[in-house]
Amino acid sequence: FFSTEMAEPTPAEETTADPTPDAGAKTTEDGASGAAFDDAGEGKAAEKAAMAVQNKLNVQALPIRAYLDQTVVPILLQGMSQLVKERPPNPIEYLAAYLLKNNPQGSSST
């Protein structure tokens with residue numbers, strides 16, 4: 001019948017794992033191995049795109065105050081500073097136009 005005990009591996013079976021990295025794998029500047037781009041510009045563009053996605057996810061996860069401090073407050077303070085220098089007759093329209101013109105995220109389609 002069948003034995004419930006596991007057989008001990010033979011010496012040949014113990015040494016089948018190769019501890020050296022794959023000869024075809026490329027190594028990055030920080031020593032990590034993995035897929036790398038042949039074109040450095042392509043790699044930088046991919047890294048920048050990945051970071052933009054990660055930053056967007058990080059911003060979405062922020063508490064309300066931190067979200068506003070990172071996204072709205074800087075441009076709003078700049079706009080309000082310009083507003084008090086100019087003192088236009090319609091400050092709300094002026095501030096709205098300033099925010100749209102100087103939007104750091106680019107133009108919106110809304």
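**Packing and surface of helix 4**

The buried residues of helix 4 pack against helix 3 and helix 5 (91–101), where buried means under 20% relative accessible area, exposed over 50% and partly exposed in between (1.4 Å probe, protein chains only). Contact means heavy atoms within 4.5 Å. Helices (H or I, at least four residues) and strands (E, at least two) are DSSP runs, numbered from the N terminus. The model is predicted: local features need pLDDT of at least 70 and side-chain atom pairs count only at pLDDT 80 or more, while totals for chains, interfaces and linings use all residues. Residues are numbered from 1 along each chain as its sequence is written, and side-chain values use heavy atoms, with hydrogens and water left out.

The protein contains 5 helices and 2 strands, arranged along the sequence as α-β-β-α-α-α-α. Of its 110 residues, 5% count as buried. Among contacts in the protein with a separation of 6 or more, 10% are between residues 24 or more positions apart.

Helix 4 (73–86) has 14 residues and reaches 20 Å from its first C-alpha to its last. This is close to the expected 20 Å, taken as 1.5 Å times one less than the number of residues. I75, G79 and L83 are buried in helix 4. They lie on the same side of helix 4 because they cover an arc of only 80 degrees around the axis, the arc being that of the directions from the helix axis to the C-beta atoms. L77, V84 and K85 are exposed on the other side of helix 4. Just after helix 4, R87 takes a positive phi of about 50 degrees.

V72 is placed in the loop between helix 3 (64–71) and helix 4, and is partly exposed, with a relative accessible area of 36%.
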